Amino acid sequence: MDHRTTRARRARSLTVALATALLLTLTACAGGSESTGNKGYITGDGQLTLVDPADRGEPVTLEGEGLDGEPLSLEEQRGRPVVVNVWGSWCPPCRAEAPELVEAAERLDGTAAFLGINSRDSSPAQARSFERAFDVPYPSIYSSDGRALLAFADTIPARTIPATLVLDGEGRVAASIVGQVTSATTLVDIVEDLVIEAGGTLPTEEPSAAPSTSGASGG
């Protein structure tokens with residue numbers, strides 16, 4: 001065999017090996033024994049991207065069934081910011097970020113809506129178990145094949161889990177976090193900025209009651 005042919009084949013083999021190693025490095029979440037279809041998914045580094053109002057695209061349209069079969073729709077939440085989180089119970093970064101999302105949802109109660117997209121769990125029962133474990137207060141669309149992520153194809157890669165998007169009151173993507181959310185305050189700040197941007201007002205904390213000062217009655 002010609003030495004040049006051998007070297008060419010070795011170079012091609014090395015290229016394939018390097019590409020495979022890179023893909024494995026980017027694999028997001030090694031799935032548990034009960035999950036299916038999670039191989040090949042990637043995660044980002046949690047980078048936050050903000051989109052100026054003039055650069056936001058068309059309102060996102062998405063509807064589907066929740067974990068209990070109930071109908072869910074993004075359009076029903078028009079008029080206020082919506083935080084959309086893409087997750088799977090098989091995904092370690094999703095478990096790591098869950099407490100931050102729950103805290104953000106509690107702090108933004110009445111100011112923003114939250115909606116999850118459960119992707120690649122083989123059954124809703126797995127997802128419901130996850131929600132019970134972390135006491136998740138908001139619903140999720142069940143998308144076992146991950147097709148619901150296509151609604152955000154212009155913003156995040158379709159195979160990215162976890163990912164979080166914040167929509168403005170018109171339903172347009174105003175911010176995205178590709179990868180794990182590490183701080184509830186980040187989401188709270190984004191939502192509050194969107195409320196102010198739309199001319200709204202933020203709820204104010206109730207002033208603490210002044211301590212009672214009971215003086216001694218004079219005789």
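Predicted model: local features only at pLDDT ≥ 70, side-chain atom pairs only at ≥ 80, totals over all residues.
Let me begin with the chain as a whole. The protein chain contains four helices and eight strands, and, read along the sequence, these elements follow the pattern α-β-β-β-β-α-β-α-β-β-β-α. Of its 219 residues, 38% count as buried, and the accessible surface comes to about 12,400 Å², with 51% of that area belonging to carbon and sulfur atoms. As for how the chain is connected, if we take the contacts between residues at least 6 apart in sequence, 71% of them join residues at least 24 apart.

I would now like to turn to the aromatic residues, where the count comes to three pairs. A pair of aromatic rings is described by the distance of the centres and the angle of the planes. For F114 and Y138, the ring centres are 5.4 Å apart and the planes stand at 35 degrees, so this pair is tilted. F114 belongs to strand β5, residues 113–119, whereas Y138 sits in the loop between α3 and β6, and the pair therefore ties together parts that are 24 residues apart in sequence. Both partners are on the inside by our cut-off of under 20% relative accessible area: F114 is buried at 9%, and Y138 is likewise buried at 9%.

The pair formed by F130 and F134 is also tilted, because its centres lie 4.8 Å apart with the planes at 45 degrees.

F130 is found in helix α3, which covers residues 124–134. Which residues does F130 contact, leaving aside its neighbours within four places in sequence? They are W87, S89, C94, R95 and A98. For one of these, C94, the position along the chain is 36 residues away from F130, and the two C-alpha atoms are separated by 9.9 Å.

A search of the whole structure finds one cavity of 30 Å³ or more, and the largest cavity holds about 80 Å³ of space. The lining of this cavity includes several residues that I have already mentioned, among them W87, C94, A98, F130 and Y138. At least two lining residues come from each of β4 (82–87), α2 (92–107) and α3, and α2 gives the most, with four residues. By class, the lining of the largest cavity divides into seven nonpolar, two polar and two charged residues.

The largest pocket, by comparison, contains about 230 Å³ of space. It is lined by 13 residues, of which G57, E58, D154, T155 and V173 are the closest to its centre. The pocket lining has seven nonpolar, two polar and four charged residues.

Most residues other than glycine have a negative phi, and most peptide bonds are trans. Against that background, the peptide bond from I161 to P162 is cis, with omega near -5 degrees, and P162 lies in the loop between β6 and β7. R120, although not a glycine, has a positive phi of about 70 degrees; this residue lies in the loop between β5 and α3 and is partly exposed, with a relative accessible area of 22%. D135 is not a glycine either, and its phi is positive at about 55 degrees. D135 lies in the loop between α3 and β6, and, at 56% relative accessibility, D135 counts as exposed.

Methods
Residues numbered from 1 in each chain as written. Heavy atoms only, no water. 1 Å grid on protein atoms, 1.4 Å probe; cavity = no way out; pocket = protein on both sides within 12 Å on 5 of 7 lines; lining within 4 Å. Points joined across faces, edges and corners; volume = space filled by probe spheres on them. Nonpolar A, V, L, I, M, F, W, Y, C, P; charged D, E, K, R; others polar. Buried < 20%, exposed > 50% of the residue type's maximum accessible area, 1.4 Å probe, protein only. Contact = heavy atoms within 4.5 Å. Areas by Shrake-Rupley, 256 points an atom, 1.4 Å probe, with all protein chains shown as cover. Phe/Tyr/Trp six-rings, centres within 6.5 Å; stacked < 30°, edge-to-face > 60°.
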